Structures are given as structure tokens and as C-alpha cells.
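Hi,

Here is the structure I promised to pass on.

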Amino acid sequence: RFVLGIETSCDETGAAVLDDTGAILGESLHSQKQTHLDAGGIIPPVAQQLHRENISRVVQEALDRSGIEPSELTAVATTVKPGLALSLGIGLDFSRKFVRLHEKPFIPIHHMEAHALTVRMLHPVDFPFLVLLVSGGHSLLALAKGIDEFLLLGQTLDAAAGDTLDKIARRLSLRNHPECSSLSGGQAIELLAKEGDRLAFHFKSPMGQLYDCNFSFAGLRNQVTLAISKKEREEGVEKGQLLSCVKDIAAALQHTVASHIAKRTHRAILFCKSKGLLPQHNPTLVVSGGVASNEYIRQTLKIVTDATGLHLLCPPSKFCTDNGVMIAWNGIERLKQGKGIMSHSEEVNYEPKHYFRS
Ligand code: ATP
Ligand code: MG
Ligand code: FE
């Protein structure tokens, strides 16, 4: 069995062909990262236009590299939720035309479920397992109970972790920093933090008094922005021109983000244990999303999983960020269980805002 997976929910146009062992036969990815970095954020019609310009080529490349003809495909899987409406629409329109032309079954995919399940392509992880997804658009903790069964334990009440790092990086003009010009905000902060003193600034960890598993990053962003403005005034430099303590700010910020994520994850682990929701044998925490490629955050999470006896699994960075492979893999998982497979003639809509139930 061969599945073509197509991803266009946000700012990457991705496609991949996988077989049912999870072998990647061919893949292609076009990232819009640089365009959005230059613009200072994602402008949805721009993202839509870039998906439109690239989707045929990306899908064709994935197919060519795989050596699989459209007629040999078992099904086509495409992200339909959640994401930017304009971006989702391009992938869905393309896929609907493709499956009608080649008369192939269509499998609509939930982007966050795909992030959560990618790990099973690489390691034999059984359900249920705990999953932490921290990316540019999401921060959430959920219990994965089956390929289409997720219990939401907590999510961000305001901004996502990655978005917060990106906005602070922009406030610090890190793009003008010689070593950071082509890095995302989160990558730039990780790099600079290595040489910074995290104790030079103190940012309060969010939600200290709230005993749930939700996240909040807006207050932290505010604290950091105030500290930056204060330093700029003290040093008499223009907005965004701070040089002296940028590395210290990066280190203190990264530490606070890591500590907030680790504390909420710890609560989720304790909750699941107290309710008997995790297996006795080899209980696992899976971490994914772009922010999960941060080494400092991974190490902080390792402290939590070691202390609670959980096994920590973080897929390699390339599988943590958006791509067609994870969509194709979710399609394979659904094919194996015969779940959510539609005929090429059935009507499907995208759903920009669709999350897990809590
Ligand atoms: P979503 O998957 O929620 O729709 P997205 O496509 O923006 O959103 P990803 O592509 O998974 O998310 O990840 C991008 C985010 O990860 C950015 O916010 C970026 O700053 C952050 N990020 C990437 N690398 C690192 C790193 N090393 N440390 C911290 N954050 C990082
Ligand atoms: Mg992305
Ligand atoms: Fe994503």
C-alpha cells in the first residue's frame, strides 16, 4: 500500500509518498519561512499564493522521487484541519481534483493528530501515550488513546510558545544579528542563549498558582518586552538596537519558557498517573512541534520524565516541523484501521479551527 500525503495548513507546502512500513519513498517540501521572516509575520493571502505557486511541483517531485505512479497509489491523505483557511483550501482543492482524476480514496487529516502520531513511524510506541506539541501556532498537552482518539489535557490560553519566541526575536531585531539572519526566532534565541547568562534577568514563570495543564505566554512576552525597553532607555539606544545584553535576555527567556513547559508537562504526567491513564509498562511522553527541537527545552523535559519514570521520545527536528511525511503516515495509520477513508466523489470541507476535545 502506498499513500501520498499533502500538507498546506500553514507556511510549508509538503508532499510525500510512504509505504505501509513507514518507509519514505519520496518527499518534497517548499518552506515559505524566509518570505514570512522578511515580512515580519505570516500574511495569509501571501501564504495562499505561495502554496498555489508550488503545490503542483512539490507533489510531482514527491511522486517522481518515489517512482510510484498515481495509478499505483492506494489513497491520498491531506490536511484539512486546523490551520489557516486560505492555506488549507489550496491543499484541499488540489487533492480533490487529484483524487477525482485518478479515482483514488481520500483521507482527510487532522494536522495536530499527524504531529502526535509521527513518532510511531520511527518507534514502536503503543497507545495510550502522553503528547506535548509546542510549535509556532500551538502549545498543547494531550493523551493519545488511539489514532483518532485524543484527550486534551491543556492548551495555551493566549499565544503559542513558538510565536512568542518569534515575536521577541523580532523585537530584538535578531535578524540583523550576523549569526541569526536566516534563523527562525526560536532558533536564534537558542543560539544566542548558549553564550548568555540566564541569571542576569529574572522573568516570572507563568501561571504559578493555576493547578491545571494549560499554558500562557502573553504575560511572559510582556515582561520581556518591558525589560528590553528599560535596557534600551538605560543604554540610550533606539528601539531594537540593544546589543549588550541580548544573549542574557535570550538565555533567561529560554529558561523561563522551558521551565513553564516542563512544569505544565509535570502536572499532566501526575494527573494521568493519578487517574491510571498511562500504561504501567513503559509509559511514554512524546514531544513534537518546532519548539521541541530546542535542546535546552528537551533537557529540561528529560529531568521531568526521569523524575516521574516516563520514557521521553522526541522525533528528529525534521519530523517535528510541518511536512508531507507526517500526513502520509497518518494516512497509512488510518488505512490500516479502515478509519476515515472517503470515496473520491464525497464532499469534504476544511475546518480552520478544530482542536481536540477536553
Ligand atoms: P503549527 O504546526 O502550530 O501550525 P508552525 O508551522 O509555525 O505552527 P512549526 O513549523 O512546527 O510550527 O515550528 C515553527 C516554530 O518553532 C517557530 O515558532 C520557531 O521559532 C520555533 N522553533 C524552531 N526551532 C526552534 C528552536 N531550536 N528552539 C525554539 N523554538 C524553535
Ligand atoms: Mg510551519
Ligand atoms: Fe505544524
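This is a predicted model: local features need pLDDT of at least 70, side-chain atom pairs count only at pLDDT 80 or more; totals for chains, interfaces and linings use all residues.

**The ligand**

Ligand 1 is surrounded by 22 residues, and the closest are Gly136, Gly137, Gly162, Gly186 and Gly290. If you want to see which elements give two or more residues to that shell, look at α6 (161-171) and α7 (185-193). Sorted by class, the shell around ligand 1 comes out as 15 polar, four charged and three nonpolar residues.

**α7 against α9**

α7 turns up again in the helix packing. Its axis and that of α9 are 8 Å apart, and the two helices pack at an angle of about 110°. Angles from 65 to 115 degrees count as roughly perpendicular, so that is how α7 and α9 sit relative to each other. The crossing of α7 past α9 is left-handed. On the α7 side you'll find Ile189, Glu190, Leu192 and Ala193, which meet Val246, Lys247, Ala250, Ala251, Leu253 and Gln254 of α9. That contact of α7 with α9 has seven nonpolar residues, two charged ones and one polar one.

**α9 against α10**

α9 (residues 246-274) also packs with α10 (residues 295-308): their axes come within 9 Å and cross at roughly 30°. Anything under 35 degrees counts as roughly parallel, and α9 and α10 are therefore roughly parallel to each other. Here α9 passes α10 in a right-handed crossing. From α9, the contact takes in Gln254, Ala258, Ser259, Ile261, Ala262, Thr265, His266 and Ile269, while α10 brings Tyr296, Ile297, Thr300, Leu301, Val304 and Thr308. In terms of class, the contact of α9 with α10 has eight nonpolar and six polar residues, with no charged ones.

**Leu117**

You'll find Leu117 in helix α4, which covers residues 111-117. Leaving out residues up to four places away in sequence, Leu117 touches Ile147, Trp329, Asn330 and Glu333. As for Val80, that residue is 37 residues from Leu117 in sequence and 16 Å from it in space, C-alpha to C-alpha.

Cheers

Definitions and conventions: Residues are numbered from 1 along each chain as its sequence is written. Chains are lettered from A and ligands numbered from 1 in the order in which they are written. Helices (H or I, at least four residues) and strands (E, at least two) are DSSP runs, numbered from the N terminus. Two residues are in contact if their C-beta atoms, placed from the backbone, lie within 7 Å. Axes are lines fitted to C-alpha atoms, for helices over the stretch in contact, and angles run from 0 to 180 degrees between N-to-C directions. Angles under 35 degrees count as roughly parallel, over 145 as roughly antiparallel, 65 to 115 as roughly perpendicular and the rest as oblique. A crossing is left-handed if the near helix is turned anticlockwise from the far one by less than a right angle, and right-handed if clockwise. Ala, Val, Leu, Ile, Met, Phe, Trp, Tyr, Cys and Pro count as nonpolar, Asp, Glu, Lys and Arg as charged, and the others, Gly among them, as polar. A residue is near a molecule or strand if its C-beta atom, placed from the backbone, lies within 6 Å of it.
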